[in-house]
Amino acid sequence: MSVLLSVPGFLANEPVRVALAVGGGAALVCAVVGCATVMRRQSFAGHALADVSSAGGSAAYLLGVNPLFGFLGMAAAAAGVMEWADIREARERDLLTGVVLGAGLGLAALLLYFDATVRSVSGAAVTVLFGSMFTIPASIVPLALAVAAVALAASAIVHRPLLVSSLSADLARAQGIRVRAVALTHALALALAVSLSAMTVGAILSTALLIGPAAAALRLAKRPASAVVFAALIGLGATWGGIVLAYESFYWTPGHGWPVSFFIVALIFCAYLIAGWRAGRAGVRRAPHPSGCEGT
Amino acid sequence: MKRLLCSLRRGLRVVLLGGLAVLAASCGAAAPGGPPLAIGVESQYADVLSQIGGPYVTVRAILTNPNTNPHSFEASPAVAREVSQSSLVVMNGLGYDAWVERILAAAPNPRRRVIDVRRLLRLPSDTLNPHLWYDPRTMPAVAEAAAQALTALDPAHAQYFQANARRFTASLAPWAAAIAAFRKDYGSTPVAVTEPVANALLEAAGCRILTPLALQVALMNGTDPAPQDVAAERSLLRGRKVKVLLYNQQVTGPLTISFLQLAREQRIPVVGVYETMPSGYHYQSWMLAEINALRAAVAHGASSRTLGVEPAR
């Protein structure tokens, strides 16, 4: 009804500006890291990292520190462990990932219980698991953007060797690429992406922002480079669009805004469906191969 | 961290006490002839029960810790056992202590009397603010209902209970006088709050609560606040449109902390209000301390995050 009538109010609104900055950074990093993650078939690992990071977010409330530090610390530790274990066999890797995921969420359940009973933090569970972008303090913005910059720089540095080693580890070694170091760098970039995403849409939903735009983009794009650009556009569009819709929803049900995470994830889902429909019409069904060859 | 350890130790003590309570109960607490067990689910109701029943009733409180959030309380088996063995229960209602109803339904007792304060005050079941005990009209009604219920359990001491109820209501006079004086001196003072904890008292004192109710409810229930409401609260503080910020001393989160910080930057006094009666207080002295803290903030710009504990017992 009042769509965009309130644009000046929208941009003057401090929680909205913080959300636009943190969400925008998260969407960009997730687009870049997400494309590599989907191509390396590490979606499940990305989801596991996000779930494990919820324990860090919950611990941050207990210790009274910045939740981004909590998400980051836990996700980076889990990424390190999973890379260190270095299991090649897909079935074993899925099992390990699943078990770590369960343990992380279980720890989060305990810490959230302590948050509520010992520290009396109101709404920690909802904020950690499903995100609450409009409650992010403005003081987090510089740190979040710095984390985003580090993740983007790390991805940029390893993107070429990562593509080669995703294609064939032996070929990469023959080219003198340090495969383990590259994989570890990517895993840490993944941890940073997941932490930013957890700040934005919560730990449980953070895979949606990591995988969704990348998956939709890989259905549309013919080359990895254009996939990254599409993923960034879809991720930014969904995140910022979600913030606009959450802001507008205040006027739909008087006095109550709808949760911003719902809108972001819904927009990503729509983008994925539309991308599938368009790819189907264009006859492009498969995601582009890491080598950059066109799909058929 | 120190606080965590303290709380863990306190938790351990509660668990041990709870275990002892179960042991005591299973060793025949329902001894015929002993004083009946009355439960005030929130410690403020238990305090009133004690003041009415005196030595002729054993009173237990369940929500007693002012450092935790009553909204997120989970009943332990020991608490369930105690509630199910009680003869009189005073509960707040309005979902604040909904778990009591489930325990009572599981252990029916035709002799037991239950005072649901929301029903007692004939408030609609969709009343948004559950913190009924801040309303000056609440406790006199509770005292009267408690006296009647205790009389039904122990008719021999009817006169004693009735006299105590009258004495209790009379003892609220200093509080009522302090509210009236505030209203006269500082009526229609604009205030901001985080949660609707002390709203009934603020309204009785003639304050204008400028914080959007939706934000108060979102902070109370831990749901996503609307950015419009967050911005509205910030502009109240930044523009110094309020004389005082009252916040729930028992529950804090990142958003509450940011409001407190903004208030400090703008030199707006803050007053911490309690959901659960702090130890060292009776209901009367607690409520008087809250209105005095509000007066000190408005009159002298004095902040009081905690109520200084004065020996009331």
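**View 1. Chain A as a whole, judged by its radius of gyration.** For 296 residues, a compact globule would have a radius of gyration near 19 Å, and chain A agrees because its own value is 19 Å. That radius is taken over C-alpha atoms, and the globule rule is 2.2 Å times the number of residues to the power 0.38. This is a predicted model: local features need pLDDT of at least 70, side-chain atom pairs count only at pLDDT 80 or more, and totals for chains, interfaces and linings use all residues. Residues are numbered from 1 along each chain as its sequence is written, while chains are lettered from A and ligands numbered from 1 in the order in which they are written. Along the principal axes, the C-alpha atoms of chain A fill a box of roughly 60 × 45 × 30 Å. Chain A has twelve helices and zero strands (DSSP runs numbered from the N terminus: helices are H or I, at least four residues; strands are E, at least two).

**View 2. Where chain A touches chain B.** Here 24 residues of chain A are in contact with 25 residues of chain B (contact: C-beta atoms, placed from the backbone, within 7 Å). On the chain A side, α2 (14–39) and α5 (90–119) are the elements that give two or more residues. That side has 13 nonpolar, ten polar and one charged residues (nonpolar: Ala, Val, Leu, Ile, Met, Phe, Trp, Tyr, Cys and Pro; charged: Asp, Glu, Lys and Arg; polar: the others, Gly among them).

**View 3. α2(A) crossing α10(A).** The axes of α2(A) and helix α10 (residues 206–220) of chain A come within 7 Å and cross at roughly 65° (axes are lines fitted to C-alpha atoms, for helices over the stretch in contact; angles run from 0 to 180 degrees between N-to-C directions). Residues that meet here include Ala26(A), Cys30(A) and Gly34(A) in α2(A), and Leu210(A), Pro213(A) and Ala217(A) in α10(A). By class, this contact divides into 14 nonpolar, two polar and no charged residues.

**View 4. The sheet of chain B.** Four strands make an open parallel sheet in the order β6-β5-β7-β8 (strands pair if DSSP finds at least two bridges between them). β6 (208–209) and β8 (270–273) of chain B sit at the edges with a single partner strand each, so one side of each has no neighbour in the sheet. Strand β5 (residues 190–193) of chain B pairs with β6(B) over two bridges, and Val191(B) has Ile209(B) as its bridge partner in β6(B).

View 5. Helix α12 (residues 254–265) of chain B lies across β7 (244–248) and β8 of chain B, running at about 155° to β7(B).

Note on methods:
Two residues are in contact if their C-beta atoms, placed from the backbone, lie within 7 Å.
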